[in-house]
Amino acid sequence: MIAQLEAEILAAIEAANDPAALEAVRVAALGKSGSISELLKSLGKMSPEERREQGPQINGLRDRVAGLIAEKKAALEAAELDAKLASERVDLTLPPPPRRRGSVHPTMQVMDEMIAVFAEMGFSVAEGPDIETDFNNFTALNFPEKHPAREMHDTFFLQEDAKGERKVLRTHTSPVQVRVMRATNEQLPAWIANGQEPPIRVIVPGRTFRKDSDQTHTPMFHQIEGLVIDKGIHMGHLKWTLETFIAKFFETDAVETRFRPHHFPFTEPSAEMDVRCDRSGGEVKIGQGSDWLEILGCGMVHPNVLRNCGLDPDVWQGFAFGAGVDRLGVLKYGMPDLRDMFASDVRWLEHYGFSAFAAPNPATGLS
Ligand code: PHE
């Protein structure tokens with residue numbers, strides 16, 4: 001009878017393949033009213049002889065069954081852990097999912113590079129607003145009142161305000177010349193806002209606007225203005241400054257420039273500076289070929305502008321220039337179409353954008 005019970009229990013232990021089933025087997029055999037527990041209870045009712053014979057057998061059965069259940073329990077738990085480890089394993093050698101990184105827009109990169117070059121030459125940075133008064137954008141810069149020259153820039157005019165004033169989206173960064181000399185912009189650092197006695201040496205990077213769009217023009221673009229006012233300033237200083245700038249910016253002396261006589265109301269004499277380039281391959285390459293790309297206007301500050309800004313032209317002279325930032329970027333980094341600069345095509349930006357952690361500018365050591 002004991003042998004048969006043992007065989008049944010062993011078969012049940014064998015068949016239990018998860019901890020819950022095994023626990024059911026344990027309760028059925030060793031629980032309060034389990035089969036073995038009942039047998040143990042029956043020992044009390046036996047005669048001493050019977051008990052002496054049956055006792056060790058029943059106790060032996062209980063010990064073997066308890067031992068086998070404990071063994072099986074350990075085996076089932078180990079198997080469960082193995083299965084869990086296998087299914088939850090993390091493969092640390094898998095490549096991470098691709099992460100999109102932002103990049104510095106070429107225009108901002110080029111501006112930083114230009115600022116670094118001019119900073120090394122002792123220029124500081126001034127800024128002005130995109131929406132400008134007619135006075136700063138035109139009148140103070142010696143554009144005659146009601147003169148077609150005001151239309152020359154394809155100006156975006158704003159609607160007249162309550163005071164009858166018609167502001168403009170600034171057509172160039174030159175109005176900041178006026179702001180610096182007249183010191184009217186409270187946003188400028190105190191040393192400028194309080195009125196700066198010359199010498200003045202500033203550059204003005206910023207956005208500018210004109211109704212214009214083709215391969216080399218966009219309605220919004222960027223300029224960097226330069227203004228130097230001191231005693232005894234002449235065209236030689238202007239030419240040296242610009243040629244030094246171009247060489248450092250393009251990181252080569254091989255760039256060829258030419259100055260063409262030109263007219264701006266606010267400079268006299270005036271010139272436009274071109275760089276030699278090659279447009280034949282669909283891409284603009286500098287320092288070679290037979291094309292010229294106009295990159296900046298410049299000249300000696302007109303005496304009327306000095307007067308309009310409270311400076312005596314018999315004491316102070318100066319030069320100014322305004323360069324197209326985007327255009328210079330297109331030239332330096334070989335982009336086929338200026339309009340792509342502002343098309344906000346992420347693929348274009350990923351290709352032409354710059355790392356935010358760029359190495360220092362080799363020309364200046366600044367980053
Ligand atoms: N403001 C001129 C332009 O936008 C450039 C310029 C700046 C010319 C300073 C002379 C002096 O075309």
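Predicted model: local features only at pLDDT ≥ 70, side-chain atom pairs only at ≥ 80, totals over all residues.
**Exercise 1. Placing strand S10**

Work out which strands pair with S10, and in which sense they run.

*Solution.* 
- Start with strand S5 (residues 220-230): eight bridges tie S5 to S10, and the two run antiparallel. To see one of these pairings, find isoleucine 229, whose bridge partner in S10 is glycine 318.
- Now go to strand S9 (residues 291-301), which is also antiparallel to S10, with five bridges between them. Here you can look for glycine 299, which stands opposite alanine 320 of S10.
- Finish with how covered S10 (residues 317-324) is: seven of its eight residues are buried.

**Exercise 2. Looking around the ligand**

Find which strands supply at least two residues each to the shell around the ligand, and which side chains put an N or O atom 2.9 Å from a ligand atom.

*Solution.* 
- Begin with the site: the ligand sits in the largest pocket.
- Next, the shell. There are 14 residues around the ligand, and His172, Ser174, Arg210, Gln223 and Gly322 come nearest.
- Then the strands: S5, S9 and S10 each give at least two shell residues. S10 has the largest share, three residues.
- Last, the polar atoms. Histidine 172 has a polar side-chain atom 2.9 Å from a ligand nitrogen. In the side chain of serine 174, an N or O atom is 2.9 Å from a nitrogen of the ligand. For glutamine 223, a side-chain N or O atom lies 2.9 Å from a ligand oxygen.
- As for cover, the ligand on its own has 320 Å² of accessible area, and the protein covers 94% of that.

**Exercise 3. Two positive phi values**

Glutamate 251 and serine 344 both have a positive phi without being glycine. Say where each one lies and whether it is exposed or partly exposed.

*Solution.* 
- Take glutamate 251, with phi near 55°. Glutamate 251 is in the loop between helix H9 (235-250) and strand S6 (257-264). Its relative accessibility is 45%, so glutamate 251 counts as partly exposed.
- Move on to serine 344, where phi is also near 55°. Serine 344 belongs to the loop between helix H11 (325-333) and helix H12 (346-352). Its relative accessible area is 60%, and exposed means over 50%, so serine 344 is exposed.

**Exercise 4. A cis peptide bond**

Locate the cis peptide bond that involves proline 269.

*Solution.* 
- Check omega between glutamate 268 and proline 269: the value is about -5°, and the bond is cis.
- Then place the proline: proline 269 lies in strand S7 (residues 267-278).

Definitions and conventions: Residues numbered from 1 in each chain as written. Heavy atoms only, no water. Buried < 20%, exposed > 50% of the residue type's maximum accessible area, 1.4 Å probe, protein only. Helix = DSSP H or I, 4+ residues; strand = E, 2+ residues; numbered from the N terminus. Pairing = 2+ DSSP bridges. Near = heavy atom within 4 Å. Polar contact = N/O pair within 3.5 Å; in protein donor to acceptor, adjacent residues only side chain to side chain. Areas by Shrake-Rupley, 256 points an atom, 1.4 Å probe, with all protein chains shown as cover. 1 Å grid on protein atoms, 1.4 Å probe; cavity = no way out; pocket = protein on both sides within 12 Å on 5 of 7 lines; lining within 4 Å. Sits in = over half its atoms within 2 Å of the grid points.
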